Structures are given as C-alpha cells and as structure tokens.
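User: I would like to learn how to read a helix and its surroundings in a model. Could we go through one case step by step?

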Amino acid sequence: LTQLFRPLDMLGMVYRTIRQGLIDMAEMFRLLDTDVEVADKPGAPALVIGRPSVVFDNVVFGYEKDRAILNGLSFEVPAGRNYAIVGPSGAGKSTLARLLFRFYDPQEGRILIDGQNIKDVTQASLRAAIGIVPQDSVLFNDTIGYNIGYGREDATQSDIEAAARGASLMGLIDRLPKRFDTEVGERGLKLSGGEKQRVAIARTLVKNPPILLLDEATSALDTRTEQEILATLHRVAEHRTSISIAHRLSTIADADRILVLSDGRLVESGRHGELLRHDGLYADMWARQAAEAEELGEAAE
Ligand code: ATP
C-alpha cells in the first residue's frame, strides 16, 4: 500500500477515491504512474450507462509536448464485446488504458462511453463503471472477506460470497480455519499468485462494473493455474464490454476482435485467424512468440 502514497500530491485523489468507495484504488495507481490530475467540469453529470460501447475517436496524446504517443487512434468496442489490444512494447497500450480512466485528457479527439464524452462526466462515475483486473494485486493486511469487499461500502456478506463463488475462490475459503474471517497478507495467510488473482477477480465481481479492463497476467503462474484463471476471466467478461491488454498472444486468440497497435496507431484489426492470414505485424508477433515458446520448451527438456 505504501506505493500508493509515495507521490504526496496524489493524496487528495487517494482520499476522494476512498470516500467514493471505489475498489480499484491500488490497481488504478499502478496504472496511473503520474501526478497529473484532471478536474471534473463544474456541474458535470454522472455517466449514464445503458449499452456501454467504448469509442476512441481520432485520439492524439503525448505525455510531453511534441512527442505524441497516440497518433490519431480510432476504434470502437461495441457493447458486450470482448476486444484485445496487442502491439510491440511502447506502442501505447497502457497509455490508452490510462486515458480511458481519464488520468489524462487527449490533446485532440474524443473518448466516448455509451456516447458520452468521458471529459464531460464525473470521474467518480467513470471509474465506478470500469473494473480493472490487474496482473498483480495488492492485498491488505485484513481478512479475506474485507479484501474481496473493500471499496463497495454497501457490499453485504452475501455479495462477498457470491463474488468468491464467481471467482472460484470457495474451494480455498472452505479450507481456511475462519473462512472469510481469515487474516491474509503479510501478517496473515500468504496467498499464492493464482489465489491473489482470484481475489482481484472477486473484488471486480463485487463492484459489478459494466466495462472491464483486463491487464493480462504476465506473472509467474503455472500453465494450469493460468488456464483456470483465464477460464474464470472469460466467464466474468461474458456479457460485459471488455478490453484486454495482452502481452502474450496465446491468451487472447479467441477475442471477438484483436486491435493491433503500433506507434500509437491502429495498424491491423480482426479476429485471430484473419490476422494470421493477413500476414502482417500480428502474424509476425505470433510467429516470434511461437518460436520463443518452442525454445523455452526445448530448454526445459
Ligand atoms: P508495454 O508493452 O512495454 O507495457 P505499452 O504499449 O503499454 O508498452 P506505454 O506504457 O503506453 O506502452 O508507453 C508508450 C510510450 O509512452 C513509451 O515510449 C513510454 O516510454 C512513454 N511513457 C509511458 N508513460 C510515460 C510517462 N508517465 N511519462 C512520459 N512518457 C511515458
């Protein structure tokens, strides 16, 4: 948690975040990596979500003047679809996620959720609508029940249990001596990487956001655990609008559509098979990762 408080000028935002009862605080700040704060417009209304499509319309953005990171990026994720964003390191994938959370405003262009420009609505309502499932989550030194339910002030025990069930955590909880009241974290029970990730998924389920931002696990989970976590995530993402930021292409091969980013522009877009047939950047990345996986496999033999 200390890392949240490092940049002191963020304290105000941290405080408001806690007050607003958002659950993605830690994850948010991991993505945030900045001390810039954007302000709500006076009298800004809350985001109203019916069918939560996400649109980037000609978005231009750079952290510094004269160095654009997103160069006129346009795409639409229709409501209820699962899209993945891939691209070489530095292409702008995390930047795009930060803009969607409105940690920065684009210099040009617009970002719309369900037709509303995210600049025109309150940040609290925007961030309440988006759940992040991060690759590594922070656990508080508190009970596992608290860790699942924190942030949504009105979460009841039955909400927490339903979320634990949805995230396939009940097997673990039933084995714990004090079940949901078992202390976890540094001073309590140590959870494995996979279990921590399930807690993060359960937190997101408690929040029940219409939009999901999945930051693909690159952490050292064994293949079986990873497959199980992915299956759980797919279930959670079903019927929601989701954007997965992926490093390993094998995890997103079944996305409804894959958006390939390079130098802050959309260079290819399609389903896995279409992109392979297109034989462009995605096919290159796929071939490279397959070769790497083979080498690793050989090295392990
Ligand atoms: P990766 O796959 O390596 O995580 P990415 O596609 O997510 O990369 P971004 O993190 O969005 O890429 O970074 C895009 C570019 O923006 C990089 O050149 C990076 O150095 C730069 N950048 C990222 N964060 C900042 C920041 N806070 N200030 C200045 N430049 C930044």
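Analyst: Let us begin with burial: a residue is buried at under 20% relative accessible area, exposed at over 50% and partly exposed in between, with a 1.4 Å probe and protein chains only. The model is predicted, so local features need pLDDT of at least 70 and side-chain atom pairs count only at pLDDT 80 or more, while totals for chains, interfaces and linings use all residues. Residues are numbered from 1 along each chain as its sequence is written, and side-chain values use heavy atoms, without hydrogens and water.

User: Which residues of α10 are buried?

Analyst: Helices are DSSP runs of H or I with at least four residues, strands are runs of E with at least two, and both are numbered from the N terminus. In α10 (residues 223-237), the buried residues are T225, E226, I229, L230, T232, L233, V236 and A237. They lie on the same side of α10, because they cover an arc of only 165° around the axis, taken from the directions from the helix axis to the C-beta atoms. The exposed residues T223 and R224 are on the face turned away from that buried side.

User: What covers the buried residues of α10?

Analyst: Contact means heavy atoms within 4.5 Å, and the cover includes β3 (82-86), α7 (157-166) and α9.

User: How do the axes of α9 and α10 cross?

Analyst: Axes are lines fitted to C-alpha atoms, for helices over the stretch in contact, and angles between N-to-C directions run from 0 to 180 degrees. The axes of α9 (residues 193-207) and α10 come within 10 Å and cross at roughly 5°.
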